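Hi everyone, thanks for coming. Let me put the model on the screen, and then we'll walk through it together.

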Amino acid sequence: MSDLFGVLPYAVAAWILLVGCYGIATSRSFIHVVVCLSLVQSSTYLLLLMVGWSRDATAPVFGDVDPGVPVVDPVVQALTLTDIVVGGAVTALLLSLTIQLAKRQGSIDPDRIRSLEEELEE
Amino acid sequence: MTRLAASRLLLAVGGLGTAVLLLLAFGGLPDLGDVPHPYADRAVQAALGHDTANVVSSVNFDQRAFDTLGEEFVMLAAAVSAVLLLRRFHDEEQDAHDLGYGPRDVWSAAHLVGFALLAPTILVGLYVVAHGAVSPGGGFQGGAVLATGLHLAYLAGDYSILRRVRPLAVFDMAEAIGAAGFVLLGISALFVGDPFLANWLPTGTLGDLASAGMVELFNVAVGMEVASALVLLLAKFLDQALVVRRDTDESP
Amino acid sequence: MIADVLVGVLLIATAITGTAVALTREPMRQALVLSAYGLVLGVLMVALQAPDVALAQIGIGTAIVPLLVVLTVAKVDRELSAREDETEPDEAGEREG
C-alpha cells in the first residue's frame, strides 16, 4: 500500500499537467486554452496538498480536537489557498483579454491570430 | 512534412521529455504520508501561542501576512483591469437598463429556490468570514460565497433586479476600503512598536470568536475586498454578455 | 486503511475528470466539465484534511471561474456572429475549440 502511495499522487499530478499542456497545444479556441491553463494550475494544488498530507492526521483546525493531536501541514495549505485565489484572478483577466481579442480581431482561433495588429485578413 | 505534422511531432517530443523529467524528479522524492514536517510543527506551535484555532488562518494572516497582502492586491488588480478592459468603447452601444434580461425559460422552481436561498447564502458568507480564525473559512472563502450569493438575485429575478441590489459605486468603495483597511491595520502595529502587520491585539482563549487578535480584523478587511472585487468582475462580464453590443445600423 | 482507499479512489476520479476537461473541445460544455472537476478536486481536498482549501476551491474554482467562462462564450459567440453578418458569407467563423 505504501508503494502505491509513492507513485499514485505524483502520477496523477504529472498526468493532469501533461494533459493540460496537450489541451493547450492542440487547442482551436482561446477560451479552451484558458480553461486548460486553469487545469494545469490545479495540478500544482494537488501536488502541494499531497506533500503536506500525513497518514492518521487530521485537519489543522483545533476547534474540536485538543492541541497535541497530529495534524497535516498547514503551511502548504496556506500556499495552496493563495495559489487558488491568484489562479482565479489570472483566469478572469485572461478571459477579459479573450473578449477584447474577439472584438478587435474577429476570431479567437490561436492559429489564425499571428500579430497584434488590427484587420486580420485571411 | 506539413506544418500540422511538424507541430504534432514537436508536441510529442516535448511531452515525452517532460514526462521523463517528471518521472526522474518524483522518483527521488520520499513516499507520501510518512514524512516528517518540521516547519509544520513550528507553525502549529506559533498559532497555538497566539490562541488561533484555525492554523491555516494564522499562517495566512499572522505569520505570513505579507503574502496575503500581495494576494489581496492581486484580486484588486484583477477587478480593476477587468473594469478597464471591458468598458464600453466608442463603437459599442448599451441597451436600456430596464429591459427584462434574465435567464430564459427558467422553471418557477428555480426562481423559488434562488429567492429562498438568497438570504441564507449571504448569512453563511458572513458567518464564514467572521469565523475565519476559529473554524475553516476566512476572508477569501467567505468573500467568494458572498459574491455568488448576491447573484442568486439574477436567478430569482432578472438582470434589472440584480442591478438594483448591486449598486456598483458602493462596491467600488467597499473594495477600496477593504484593501486600504488591510494596509492601515498593518500600519497600526507600527504605532505600538511592533513590525508591520504584526498581531498586537490581546488574544483570548482558544476557540472563542474574539480570540486570535488581529486575525479577525484582517479577515473582515479581506472579506469585504474579495466580495466587492468579485461582484465588480461578474458585473462587467454580465454587462458584456447581456447588455453591450456593437453599434450596427439595423437593430439586433 | 479506509482513508487510504478513499484518497486513492478520489485521485483516480480527479485524473479522469481532468482528462475530460482537456479533451472537451466546445467551450460551453467545457465550462460544465470544469465545474464538475472542481467539485471532485474539492472533495479530494476534504479527504486530504484540507477544509479551508476545499472551501476556496469550490467557491472560486467551481462556482466563479465556470460562470466567467460561460459569460465569455456567450459574449464571443454574439460578437463573432454579428461580425459574420456584416462580412461576406463565404467566411466561416470558427467558434469551436
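Before I count anything: a helix here is a DSSP run of H or I with at least four residues, and a strand is an E run of at least two. Also keep in mind that this is a predicted model.

Let's start with chain C. Of its contacts with a separation of 6 or more, 49% join residues 24 or more positions apart.

Now, where chain C meets chain B, 15 residues come from chain C and 17 residues from chain B. On the chain C side, ten of those residues are nonpolar, two polar and three charged.

Next, the core. The largest nonpolar core has 117 residues, and among those with the most contacts inside it are A:Leu49, B:Leu233 and C:Val69. Helix α10 of chain B, residues 214-242, gives the largest share, 18 residues. Take B:Leu233: beyond its neighbours within four places in sequence, it touches A:Ala92, B:Ala78, B:Ala79 and B:Ala82.

Last stop, a helix pair. Helix α3 of chain A (residues 74-105) packs on helix α3 of chain B (residues 55-63) at about 65°, with the axes 9 Å apart. Their crossing is right-handed. Residues making this contact include A:Pro74 and A:Leu81 on one helix, and B:Val55 and B:Asn60 on the other. By type, the contact has seven nonpolar residues, two polar and no charged.

Notes. Residues numbered from 1 in each chain as written. Chains lettered and ligands numbered in written order. Predicted model: local features only at pLDDT ≥ 70, side-chain atom pairs only at ≥ 80, totals over all residues. Contact = placed C-beta atoms within 7 Å. Nonpolar A, V, L, I, M, F, W, Y, C, P; charged D, E, K, R; others polar. Core = buried A, V, L, I, M, F, W, Y, C linked by C-beta atoms within 7 Å. Buried ≥ 20, exposed ≤ 12 C-beta atoms within 10 Å, placed from the backbone. Axes fitted to C-alpha atoms, helices over the stretch in contact; angles between N-to-C directions. Left-handed = near helix turned anticlockwise from the far one by under 90°.
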